[in-house]
Amino acid sequence: MSITSVGIVGAGTMGSGIAINVAQSGLSVYLSDLSEESLDRAKSSATKFFNRAADKGRISQDQADEALGRITTGTDLNPLGQCDLVIEAVFEDLDIKLETFRKLSAIARDDTILATNTSCLKVSDIAEAVKDPGLFIGTHYFSPAQLNPLVEVIKGEKTRDEVVEKVLEFCKKTSKKPLLCRDQNGFAVNRFFCPYTNEAVRCVDEGLASPEQLDTIAQSVLGTAFGPFAVMNIVKPQVNLHAIRHLEPLGPYYQAADGMIRVGDAGENWSLGEAEAASPETTRTVGNRLRGSVFFTILQALDEQVAEPAAFDMGAQQALRFEQPPCQTMDSLGKEAVEELVRPLCEIYNTPMPRSLDRVGGLVL
Ligand SMILES: NC(=O)c1ccc[n+]([C@@H]2O[C@H](COP(=O)([O-])OP(=O)(O)OC[C@H]3O[C@@H](n4cnc5c(N)ncnc54)[C@H](O)[C@@H]3O)[C@@H](O)[C@H]2O)c1
């Protein structure tokens, strides 16, 4: 049986966005939160979203009203017990998530799939709270969840294959592009995105270029829609620092840069003004550092079978709007050129060359 009724716990930024996406796809959704204020905000953002779509002529006013009508809300958890799928989007705190899933597991039907939207915690650690971890999975949406097409689907250690299949099918039914990945730090996208922002900050720390120059160079060299500093300001440097800290167990390359710690811990944004043009030499040096970072971390993740090369490319394009898919770019550059970009990082951070370098040339081409 496929998923037709959906519940969400946590009506903040992500929960409210996911609810809009589900309702827009024709499915009913029950959105729950401890806070009435969060529920009111979620309802008003859904109302705005669907009315705006009607005003712009993308849907009729009747369709907007029907979509809104498919979202019900409440502080009571009990209705979630009757859903085919419950997605948790409460605060990023292991204890709060464990407590939430203990409660959900006690009221859920025997076949209800329980999913977490955690960004950084291990899905298998959260699964400890439920009666049947075979029915537990990660669904990592990207902000804004009502618009961003990507969802990382994370198979926990005990997630059953049929559960993965149902969730992949659900993602497609709700117009999302699922990226199946393993339960490793950073999953697939943050595994290379966070270190890339960290490398950009290291370049600034070393005085190679200004944040504004870094943004311009990243846009030209990697074909990103926005540079790393502009993106960090959207995500918030504090949130980015938190995500990087979860990658630190992966090795010395993943330690947060000094500037990242300074700005993140202060709760500040990067101050960005007009970019003074960087010299061709700076552009080459910094561009190579950024490309080396993306390639190095993806090759390492391929060694660990975090996801398929094509999945990394889809993640880069769909969630981060990289015009140049990294694995395809590595294939086009060829093994020698990629090795030249990655070797300096292996030497500085005393890390072996990823074995997946040998696959370059045939990663996706
Ligand atoms: N914001 C993002 O860009 C983003 C992206 C991907 C994943 N995530 C993850 O999604 C989750 C939610 O993040 P967010 O940004 O939406 O947070 P948020 O702070 O906007 O919302 C969290 C909501 O959870 C509610 N809540 C807290 N404890 C609860 C409980 N025990 N029961 C019911 N409701 C409870 C809060 O009242 C709040 O409305 C986190 O795990 C986060 O890491 C966030």
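Biologist: In which sense do β6 and strand β7 pair?
Modeller: Helices (H or I, at least four residues) and strands (E, at least two) are DSSP runs, numbered from the N terminus. Two strands pair if DSSP finds at least two bridges between them. β6 and β7 (residues 150-155) have four bridges, and the sense of their pairing is antiparallel.

Biologist: What kind of model is this, and how are residues numbered?
Modeller: The model is predicted; local features need pLDDT of at least 70, side-chain atom pairs count only at pLDDT 80 or more, and totals for chains, interfaces and linings use all residues. Residues are numbered along each chain as its sequence is written, from 1.

Biologist: Which residue of β7 is the bridge partner of H140?
Modeller: β7 is joined to β6 by antiparallel pairing. In β7, the partner of H140 is E152.

Biologist: Which residue stands opposite G138 in β6?
Modeller: Strand β5 (residues 113-116) runs parallel to β6, and three bridges join them. The residue opposite G138 is T116.

Biologist: Which residue in β2 is the bridge partner of V9?
Modeller: Strand β1 (residues 5-9) pairs with strand β2 (residues 28-32) in the parallel sense, over five bridges. The partner of V9 in β2 is S32.

Biologist: Which element gives the largest share of the shell around the ligand?
Modeller: The ligand is surrounded by 23 residues (C-beta atom, placed from the backbone, within 6 Å), and the closest are G10, G12, M14, S38 and S143. Two or more residues each come from α1 (13-24), α4 (94-107) and β6 (136-141). The largest share, three residues, is that of α1.

Biologist: How many residues in the shell around the ligand are charged?
Modeller: Ala, Val, Leu, Ile, Met, Phe, Trp, Tyr, Cys and Pro count as nonpolar, Asp, Glu, Lys and Arg as charged, and the others, Gly among them, as polar. The shell has nine nonpolar and 12 polar residues, and its charged residues number two.

Biologist: How are α2 and α3 oriented to each other?
Modeller: Axes are lines fitted to C-alpha atoms, for helices over the stretch in contact, with angles from 0 to 180 degrees between N-to-C directions. Those of helix α2 (residues 36-55) and helix α3 (residues 61-69) come within 8 Å and cross at roughly 160°. Angles under 35 degrees count as roughly parallel, over 145 as roughly antiparallel, 65 to 115 as roughly perpendicular and the rest as oblique. The two helices are therefore roughly antiparallel.

Biologist: Is D55 buried or exposed?
Modeller: D55 lies in helix α2. Because D55 has 11 C-beta neighbours inside 10 Å, the residue counts as exposed.

Definitions and conventions:
A residue is buried if 20 or more other C-beta atoms lie within 10 Å of its own, exposed if 12 or fewer, and partly exposed in between; C-beta atoms are placed from the backbone.
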